There are 2 protein chains.
Amino acid sequence: MAARRTDARQKMVLAARQRLRERGYHATALSDVLTLSEAPRGSVYFHFPGGKAQLAVEAAELHVREQVERIDRAAAASGSPAGLVRAYLGMARENLVASAYQQGCTLAPLVIESVGGSDELGDIGSRGFSAIIESLAAHFAALGLDDGAARRLAHTTVAGMEGALVTSRALRSTEPFDALLAALENQVTPLDD
Amino acid sequence: MAARRTDARQKMVLAARQRLRERGYHATALSDVLTLSEAPRGSVYFHFPGGKAQLAVEAAELHVREQVERIDRAAAASGSPAGLVRAYLGMARENLVASAYQQGCTLAPLVIESVGGSDELGDIGSRGFSAIIESLAAHFAALGLDDGAARRLAHTTVAGMEGALVTSRALRSTEPFDALLAALENQVTPLDD
(Lines give C-alpha, C1' and ligand atoms only; values in the text may rest on other atoms or scores of the structure.)
Protein backbone atom coordinates (compact mmCIF):
# COMPACT_ATOMS: atom_id res chain seq x y z
CA MET A 1 0.00 0.00 0.00
CA ALA A 2 2.81 2.38 0.90
CA ALA A 3 4.49 1.54 -2.40
CA ARG A 4 1.30 2.19 -4.37
CA ARG A 5 0.77 5.49 -2.62
CA THR A 6 4.33 6.52 -3.44
CA ASP A 7 3.82 5.49 -7.02
CA ALA A 8 0.59 7.50 -7.39
CA ARG A 9 2.24 10.49 -5.76
CA GLN A 10 5.26 10.28 -8.06
CA LYS A 11 3.02 10.02 -11.13
CA MET A 12 1.27 13.22 -10.11
CA VAL A 13 4.59 15.05 -9.72
CA LEU A 14 5.70 13.84 -13.17
CA ALA A 15 2.38 14.87 -14.71
CA ALA A 16 2.64 18.31 -13.09
CA ARG A 17 6.14 18.68 -14.46
CA GLN A 18 5.02 17.78 -17.97
CA ARG A 19 2.24 20.36 -17.93
CA LEU A 20 4.54 23.04 -16.44
CA ARG A 21 6.92 22.48 -19.32
CA GLU A 22 4.12 22.58 -21.89
CA ARG A 23 1.81 25.30 -20.55
CA GLY A 24 3.40 26.99 -17.57
CA TYR A 25 1.90 27.37 -14.11
CA HIS A 26 -1.35 29.28 -14.40
CA ALA A 27 -2.64 27.36 -17.42
CA THR A 28 -2.04 24.04 -15.70
CA ALA A 29 -5.24 22.78 -14.09
CA LEU A 30 -5.14 20.32 -11.22
CA SER A 31 -7.92 18.37 -12.93
CA ASP A 32 -5.69 17.92 -15.96
CA VAL A 33 -2.79 16.73 -13.79
CA LEU A 34 -5.16 14.15 -12.27
CA THR A 35 -6.29 12.95 -15.69
CA LEU A 36 -2.75 12.78 -17.04
CA SER A 37 -1.50 10.81 -14.02
CA GLU A 38 -4.65 8.63 -13.88
CA ALA A 39 -5.03 9.58 -10.24
CA PRO A 40 -8.41 9.40 -8.53
CA ARG A 41 -10.29 12.64 -7.96
CA GLY A 42 -9.64 14.03 -4.50
CA SER A 43 -6.25 12.41 -4.18
CA VAL A 44 -4.35 15.64 -4.85
CA TYR A 45 -5.05 17.14 -1.44
CA PHE A 46 -4.40 13.79 0.23
CA HIS A 47 -0.90 13.64 -1.25
CA PHE A 48 -0.33 17.40 -1.57
CA PRO A 49 -2.04 19.37 1.19
CA GLY A 50 -0.52 22.52 -0.34
CA GLY A 51 -2.37 21.84 -3.61
CA LYS A 52 -1.06 23.09 -6.95
CA ALA A 53 1.69 25.23 -5.38
CA GLN A 54 3.14 22.21 -3.57
CA LEU A 55 2.92 20.08 -6.71
CA ALA A 56 4.76 22.75 -8.68
CA VAL A 57 7.51 23.03 -6.06
CA GLU A 58 7.99 19.25 -6.05
CA ALA A 59 7.96 19.11 -9.86
CA ALA A 60 10.58 21.88 -9.96
CA GLU A 61 12.71 20.12 -7.33
CA LEU A 62 12.52 16.86 -9.27
CA HIS A 63 13.54 18.74 -12.42
CA VAL A 64 16.55 20.32 -10.71
CA ARG A 65 17.69 17.01 -9.18
CA GLU A 66 17.44 15.37 -12.60
CA GLN A 67 19.34 18.22 -14.27
CA VAL A 68 22.15 18.01 -11.72
CA GLU A 69 22.37 14.21 -12.12
CA ARG A 70 22.53 14.61 -15.90
CA ILE A 71 25.24 17.25 -15.55
CA ASP A 72 27.23 14.89 -13.27
CA ARG A 73 26.96 12.05 -15.79
CA ALA A 74 27.78 14.31 -18.74
CA ALA A 75 30.80 15.73 -16.91
CA ALA A 76 32.08 12.23 -16.14
CA ALA A 77 31.79 11.35 -19.83
CA SER A 78 33.29 14.64 -21.09
CA GLY A 79 36.99 15.31 -21.19
CA SER A 80 36.67 19.08 -21.43
CA PRO A 81 34.46 22.11 -20.66
CA ALA A 82 33.49 22.23 -24.35
CA GLY A 83 32.43 18.58 -24.17
CA LEU A 84 30.24 19.25 -21.13
CA VAL A 85 28.62 22.28 -22.80
CA ARG A 86 27.97 20.16 -25.87
CA ALA A 87 26.42 17.32 -23.84
CA TYR A 88 24.30 19.64 -21.68
CA LEU A 89 22.89 21.68 -24.56
CA GLY A 90 22.48 18.48 -26.58
CA MET A 91 20.20 16.98 -23.93
CA ALA A 92 17.96 20.06 -23.85
CA ARG A 93 17.86 20.23 -27.65
CA GLU A 94 17.03 16.52 -27.93
CA ASN A 95 14.22 16.75 -25.40
CA LEU A 96 12.71 19.75 -27.15
CA VAL A 97 12.76 18.06 -30.55
CA ALA A 98 11.43 14.78 -29.09
CA SER A 99 8.47 16.70 -27.65
CA ALA A 100 7.78 18.33 -31.03
CA TYR A 101 8.80 21.71 -29.58
CA GLN A 102 6.16 21.43 -26.84
CA GLN A 103 8.25 21.05 -23.68
CA GLY A 104 10.47 23.81 -22.35
CA CYS A 105 11.97 24.32 -18.91
CA THR A 106 10.09 23.53 -15.69
CA LEU A 107 11.57 26.44 -13.73
CA ALA A 108 11.25 29.27 -16.28
CA PRO A 109 7.43 29.56 -16.09
CA LEU A 110 7.60 29.94 -12.31
CA VAL A 111 9.87 32.95 -12.84
CA ILE A 112 8.13 34.47 -15.88
CA GLU A 113 4.63 34.09 -14.45
CA SER A 114 5.86 35.65 -11.19
CA VAL A 115 4.48 32.81 -9.18
CA GLY A 116 5.07 33.88 -5.62
CA GLY A 117 2.16 32.79 -3.45
CA SER A 118 3.88 30.67 -0.84
CA ASP A 119 7.43 31.56 0.13
CA GLU A 120 8.50 28.10 -0.93
CA LEU A 121 7.19 28.57 -4.48
CA GLY A 122 8.55 32.09 -4.77
CA ASP A 123 11.94 30.72 -3.81
CA ILE A 124 12.24 27.69 -6.10
CA GLY A 125 13.39 29.62 -9.20
CA SER A 126 16.31 31.06 -7.31
CA ARG A 127 17.22 27.81 -5.53
CA GLY A 128 16.81 25.75 -8.69
CA PHE A 129 18.89 27.90 -11.01
CA SER A 130 21.56 28.35 -8.34
CA ALA A 131 21.91 24.58 -7.94
CA ILE A 132 22.21 24.00 -11.71
CA ILE A 133 24.67 26.86 -12.24
CA GLU A 134 26.82 25.84 -9.27
CA SER A 135 26.91 22.24 -10.44
CA LEU A 136 28.06 23.25 -13.93
CA ALA A 137 30.61 25.72 -12.53
CA ALA A 138 32.14 23.08 -10.23
CA HIS A 139 32.52 20.66 -13.15
CA PHE A 140 33.98 23.31 -15.47
CA ALA A 141 36.54 24.12 -12.76
CA ALA A 142 37.34 20.43 -12.27
CA LEU A 143 37.81 20.21 -16.05
CA GLY A 144 40.45 22.91 -15.95
CA LEU A 145 38.90 26.39 -16.03
CA ASP A 146 39.78 28.88 -13.34
CA ASP A 147 36.95 29.60 -10.89
CA GLY A 148 35.87 32.90 -12.45
CA ALA A 149 35.84 31.52 -15.99
CA ALA A 150 34.01 28.39 -14.80
CA ARG A 151 31.29 30.44 -13.15
CA ARG A 152 30.89 32.74 -16.16
CA LEU A 153 30.68 29.78 -18.54
CA ALA A 154 28.06 28.14 -16.28
CA HIS A 155 25.95 31.31 -16.29
CA THR A 156 26.31 31.73 -20.04
CA THR A 157 25.45 28.08 -20.73
CA VAL A 158 22.32 28.11 -18.56
CA ALA A 159 21.12 31.52 -19.82
CA GLY A 160 21.77 30.45 -23.41
CA MET A 161 19.93 27.17 -22.93
CA GLU A 162 16.94 28.83 -21.26
CA GLY A 163 16.66 31.37 -24.05
CA ALA A 164 17.18 28.79 -26.79
CA LEU A 165 14.31 26.77 -25.29
CA VAL A 166 12.09 29.85 -25.75
CA THR A 167 13.18 30.96 -29.22
CA SER A 168 13.46 27.39 -30.57
CA ARG A 169 9.91 26.68 -29.42
CA ALA A 170 8.66 29.91 -30.96
CA LEU A 171 10.43 29.29 -34.27
CA ARG A 172 10.02 25.50 -34.22
CA SER A 173 13.65 25.24 -35.22
CA THR A 174 16.88 24.03 -33.64
CA GLU A 175 18.77 26.95 -35.19
CA PRO A 176 19.11 28.82 -31.84
CA PHE A 177 20.62 25.73 -30.16
CA ASP A 178 23.02 25.12 -33.02
CA ALA A 179 24.17 28.75 -33.12
CA LEU A 180 24.59 28.85 -29.34
CA LEU A 181 26.59 25.64 -29.27
CA ALA A 182 28.91 26.88 -32.02
CA ALA A 183 29.46 30.15 -30.14
CA LEU A 184 30.17 28.47 -26.80
CA GLU A 185 32.44 25.83 -28.31
CA ASN A 186 34.36 28.59 -30.03
CA GLN A 187 34.51 30.42 -26.73
CA VAL A 188 35.98 27.57 -24.71
CA THR A 189 37.99 25.82 -27.42
CA PRO A 190 41.17 27.86 -26.90
CA LEU A 191 41.04 26.89 -23.24
CA ASP A 192 40.77 23.15 -23.56
CA ASP A 193 41.48 21.79 -27.03
CA MET B 1 -12.09 63.00 -29.55
CA ALA B 2 -10.23 60.79 -32.01
CA ALA B 3 -6.97 61.78 -30.33
CA ARG B 4 -8.30 60.97 -26.88
CA ARG B 5 -9.55 57.60 -28.06
CA THR B 6 -6.15 56.82 -29.55
CA ASP B 7 -4.49 57.90 -26.35
CA ALA B 8 -6.71 55.68 -24.18
CA ARG B 9 -6.17 52.78 -26.55
CA GLN B 10 -2.39 53.22 -26.49
CA LYS B 11 -2.38 53.41 -22.69
CA MET B 12 -4.17 50.07 -22.54
CA VAL B 13 -1.62 48.46 -24.86
CA LEU B 14 1.23 49.81 -22.73
CA ALA B 15 -0.44 48.59 -19.53
CA ALA B 16 -0.98 45.15 -21.07
CA ARG B 17 2.68 45.03 -22.05
CA GLN B 18 3.80 45.94 -18.55
CA ARG B 19 1.72 43.18 -16.99
CA LEU B 20 2.86 40.62 -19.61
CA ARG B 21 6.44 41.41 -18.70
CA GLU B 22 5.72 41.18 -14.98
CA ARG B 23 3.25 38.29 -14.73
CA GLY B 24 2.89 36.64 -18.11
CA TYR B 25 -0.35 36.08 -20.01
CA HIS B 26 -2.65 33.97 -17.87
CA ALA B 27 -2.03 35.85 -14.63
CA THR B 28 -2.79 39.18 -16.32
CA ALA B 29 -6.39 40.18 -15.67
CA LEU B 30 -8.20 42.59 -17.99
CA SER B 31 -9.54 44.38 -14.92
CA ASP B 32 -5.97 45.05 -13.80
CA VAL B 33 -5.01 46.39 -17.25
CA LEU B 34 -7.98 48.76 -17.02
CA THR B 35 -6.94 49.97 -13.57
CA LEU B 36 -3.31 50.40 -14.57
CA SER B 37 -4.23 52.40 -17.70
CA GLU B 38 -6.98 54.34 -15.90
CA ALA B 39 -9.39 53.31 -18.63
CA PRO B 40 -13.13 53.24 -17.99
CA ARG B 41 -14.76 49.87 -17.37
CA GLY B 42 -16.23 48.44 -20.56
CA SER B 43 -13.78 50.27 -22.82
CA VAL B 44 -11.65 47.17 -23.47
CA TYR B 45 -14.13 45.56 -25.85
CA PHE B 46 -14.82 48.91 -27.50
CA HIS B 47 -11.14 49.32 -28.38
CA PHE B 48 -10.26 45.62 -28.53
CA PRO B 49 -13.15 43.48 -29.78
CA GLY B 50 -10.81 40.45 -29.53
CA GLY B 51 -10.39 41.09 -25.78
CA LYS B 52 -7.28 40.01 -23.91
CA ALA B 53 -5.86 38.03 -26.85
CA GLN B 54 -5.98 41.09 -29.10
CA LEU B 55 -4.44 43.28 -26.40
CA ALA B 56 -1.62 40.76 -25.97
CA VAL B 57 -0.95 40.62 -29.71
CA GLU B 58 -0.82 44.41 -29.93
CA ALA B 59 1.41 44.63 -26.86
CA ALA B 60 3.76 42.06 -28.38
CA GLU B 61 3.79 43.88 -31.74
CA LEU B 62 4.57 47.16 -29.99
CA HIS B 63 7.39 45.44 -28.11
CA VAL B 64 8.89 44.03 -31.30
CA ARG B 65 8.67 47.38 -33.15
CA GLU B 66 10.39 49.06 -30.22
CA GLN B 67 13.10 46.39 -30.06
CA VAL B 68 13.82 46.74 -33.79
CA GLU B 69 13.98 50.54 -33.51
CA ARG B 70 16.38 50.24 -30.58
CA ILE B 71 18.53 47.79 -32.53
CA ASP B 72 18.62 50.21 -35.48
CA ARG B 73 19.70 53.08 -33.25
CA ALA B 74 22.26 50.95 -31.40
CA ALA B 75 23.70 49.70 -34.71
CA ALA B 76 24.04 53.26 -36.01
CA ALA B 77 25.93 54.20 -32.85
CA SER B 78 28.10 51.04 -32.80
CA GLY B 79 31.18 50.62 -34.91
CA SER B 80 31.31 46.84 -34.62
CA PRO B 81 29.28 43.66 -34.00
CA ALA B 82 30.69 43.56 -30.45
CA GLY B 83 29.51 47.13 -29.89
CA LEU B 84 25.99 46.24 -31.06
CA VAL B 85 25.88 43.14 -28.82
CA ARG B 86 27.04 45.28 -25.90
CA ALA B 87 24.41 47.95 -26.56
CA TYR B 88 21.58 45.46 -27.09
CA LEU B 89 22.29 43.39 -23.98
CA GLY B 90 22.95 46.60 -22.04
CA MET B 91 19.44 47.89 -22.78
CA ALA B 92 17.81 44.67 -21.58
CA ARG B 93 19.99 44.58 -18.47
CA GLU B 94 19.25 48.22 -17.67
CA ASN B 95 15.51 47.76 -18.04
CA LEU B 96 15.55 44.70 -15.80
CA VAL B 97 17.49 46.46 -13.06
CA ALA B 98 15.35 49.62 -13.38
CA SER B 99 12.24 47.48 -12.82
CA ALA B 100 13.81 45.88 -9.71
CA TYR B 101 13.98 42.53 -11.55
CA GLN B 102 10.23 42.56 -12.18
CA GLN B 103 10.00 43.02 -15.96
CA GLY B 104 11.16 40.39 -18.42
CA CYS B 105 10.36 39.91 -22.09
CA THR B 106 6.88 40.49 -23.52
CA LEU B 107 7.09 37.64 -26.04
CA ALA B 108 8.53 34.86 -23.87
CA PRO B 109 5.38 34.31 -21.76
CA LEU B 110 3.30 33.85 -24.91
CA VAL B 111 5.63 31.01 -25.90
CA ILE B 112 6.14 29.46 -22.45
CA GLU B 113 2.46 29.57 -21.50
CA SER B 114 1.62 28.04 -24.89
CA VAL B 115 -0.88 30.73 -25.60
CA GLY B 116 -2.43 29.59 -28.84
CA GLY B 117 -6.12 30.45 -28.84
CA SER B 118 -6.43 32.61 -31.92
CA ASP B 119 -4.09 31.94 -34.81
CA GLU B 120 -2.86 35.50 -34.51
CA LEU B 121 -1.78 35.03 -30.91
CA GLY B 122 -0.27 31.61 -31.56
CA ASP B 123 1.77 33.20 -34.32
CA ILE B 124 3.18 36.28 -32.60
CA GLY B 125 6.06 34.50 -30.84
CA SER B 126 7.38 33.23 -34.14
CA ARG B 127 6.84 36.49 -36.04
CA GLY B 128 8.24 38.58 -33.21
CA PHE B 129 11.43 36.62 -32.62
CA SER B 130 12.02 36.29 -36.37
CA ALA B 131 11.80 40.07 -36.81
CA ILE B 132 14.24 40.76 -33.96
CA ILE B 133 16.74 38.08 -35.05
CA GLU B 134 16.63 39.17 -38.69
CA SER B 135 17.15 42.80 -37.73
CA LEU B 136 20.21 41.95 -35.64
CA ALA B 137 21.60 39.61 -38.32
CA ALA B 138 21.29 42.31 -41.02
CA HIS B 139 23.15 44.81 -38.86
CA PHE B 140 25.88 42.31 -37.92
CA ALA B 141 26.37 41.61 -41.64
CA ALA B 142 26.49 45.33 -42.43
CA LEU B 143 29.09 45.67 -39.67
CA GLY B 144 31.33 43.14 -41.37
CA LEU B 145 30.35 39.58 -40.45
CA ASP B 146 29.64 37.09 -43.20
CA ASP B 147 25.96 36.12 -43.50
CA GLY B 148 26.23 32.78 -41.68
CA ALA B 149 28.22 34.23 -38.78
CA ALA B 150 25.85 37.22 -38.57
CA ARG B 151 22.82 34.95 -38.33
CA ARG B 152 24.46 32.70 -35.74
CA LEU B 153 25.48 35.68 -33.62
CA ALA B 154 21.94 37.10 -33.85
CA HIS B 155 20.46 33.79 -32.66
CA THR B 156 23.01 33.49 -29.87
CA THR B 157 22.49 37.07 -28.73
CA VAL B 158 18.70 36.80 -28.61
CA ALA B 159 18.69 33.36 -26.96
CA GLY B 160 21.27 34.53 -24.43
CA MET B 161 19.31 37.68 -23.65
CA GLU B 162 16.03 35.79 -23.25
CA GLY B 163 17.63 33.30 -20.90
CA ALA B 164 19.51 35.96 -18.95
CA LEU B 165 16.19 37.74 -18.40
CA VAL B 166 14.88 34.54 -16.78
CA THR B 167 17.89 33.58 -14.66
CA SER B 168 18.68 37.20 -13.67
CA ARG B 169 15.10 37.63 -12.47
CA ALA B 170 15.24 34.36 -10.55
CA LEU B 171 18.58 35.19 -8.93
CA ARG B 172 17.96 38.94 -8.64
CA SER B 173 21.45 39.45 -9.98
CA THR B 174 23.01 40.84 -13.16
CA GLU B 175 25.65 38.10 -13.11
CA PRO B 176 24.05 36.18 -16.04
CA PHE B 177 24.06 39.31 -18.23
CA ASP B 178 27.64 40.16 -17.33
CA ALA B 179 28.86 36.61 -18.02
CA LEU B 180 26.96 36.46 -21.31
CA LEU B 181 28.31 39.80 -22.48
CA ALA B 182 31.88 38.77 -21.68
CA ALA B 183 31.41 35.52 -23.60
CA LEU B 184 29.89 37.15 -26.67
CA GLU B 185 32.43 39.97 -26.74
CA ASN B 186 35.17 37.39 -26.56
CA GLN B 187 33.43 35.49 -29.34
CA VAL B 188 33.24 38.40 -31.78
CA THR B 189 36.35 40.28 -30.77
CA PRO B 190 38.70 38.46 -33.14
CA LEU B 191 36.32 39.34 -35.96
CA ASP B 192 36.04 43.05 -35.42
CA ASP B 193 38.58 44.55 -33.05
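A crossing of two helices is called left-handed if the near helix is turned anticlockwise from the far one by less than a right angle. Keep that in mind for the pair I start with. The model here is predicted.

The pair sits across the two chains: helix α8 of chain A, residues 147-171, packs on helix α7 of chain B, residues 119-142. Their axes are 8 Å apart, at an angle of about 115°. Angles of 65 to 115 degrees count as roughly perpendicular, so α8(A) is roughly perpendicular to α7(B). The crossing of α8(A) past α7(B) is left-handed.

Which residues of α8(A) meet α7(B)? They are A:V166, A:T167, A:A170 and A:L171. On the α7(B) side they meet B:G125, B:S126, B:F129, B:S130 and B:I133. By class, this contact has 5 nonpolar residues, 4 polar ones and no charged ones.

Now the interface as a whole. In it, 39 residues of chain A are in contact with 39 residues of chain B. The two chains bury about 3300 Å² between them, and 68% of that is on carbon and sulfur atoms. There are 2 salt bridges across the interface. A:E175 forms a salt bridge with B:R151, where the closest N and O atoms are 2.5 Å apart.

Last, back to α7(B), this time inside its own chain. Helix α4 of chain B, residues 51-77, packs against α7(B) with the axes 10 Å apart and an angle of about 0°. That angle makes the two helices roughly parallel. Among the residues in this contact are B:A53, B:V64 and B:A75 of α4(B), and B:L121, B:G128 and B:H139 of α7(B). The classes here are 13 nonpolar, 4 polar and 4 charged residues.

Terms used:
Residues are numbered from 1 along each chain as its sequence is written. Chains are lettered from A and ligands numbered from 1 in the order in which they are written. This is a predicted model: local features need pLDDT of at least 70, side-chain atom pairs count only at pLDDT 80 or more; totals for chains, interfaces and linings use all residues. Side-chain values use heavy atoms; hydrogens and water are left out. Axes are lines fitted to C-alpha atoms, for helices over the stretch in contact, and angles run from 0 to 180 degrees between N-to-C directions. Helices (H or I, at least four residues) and strands (E, at least two) are DSSP runs, numbered from the N terminus. Angles under 35 degrees count as roughly parallel, over 145 as roughly antiparallel, 65 to 115 as roughly perpendicular and the rest as oblique. Contact means heavy atoms within 4.5 Å. Ala, Val, Leu, Ile, Met, Phe, Trp, Tyr, Cys and Pro count as nonpolar, Asp, Glu, Lys and Arg as charged, and the others, Gly among them, as polar. Buried area is the accessible area (1.4 Å probe) that two parts lose on being put together, summed over both. A salt bridge is a side-chain nitrogen of Lys or Arg within 4 Å of a carboxyl oxygen of Asp or Glu.
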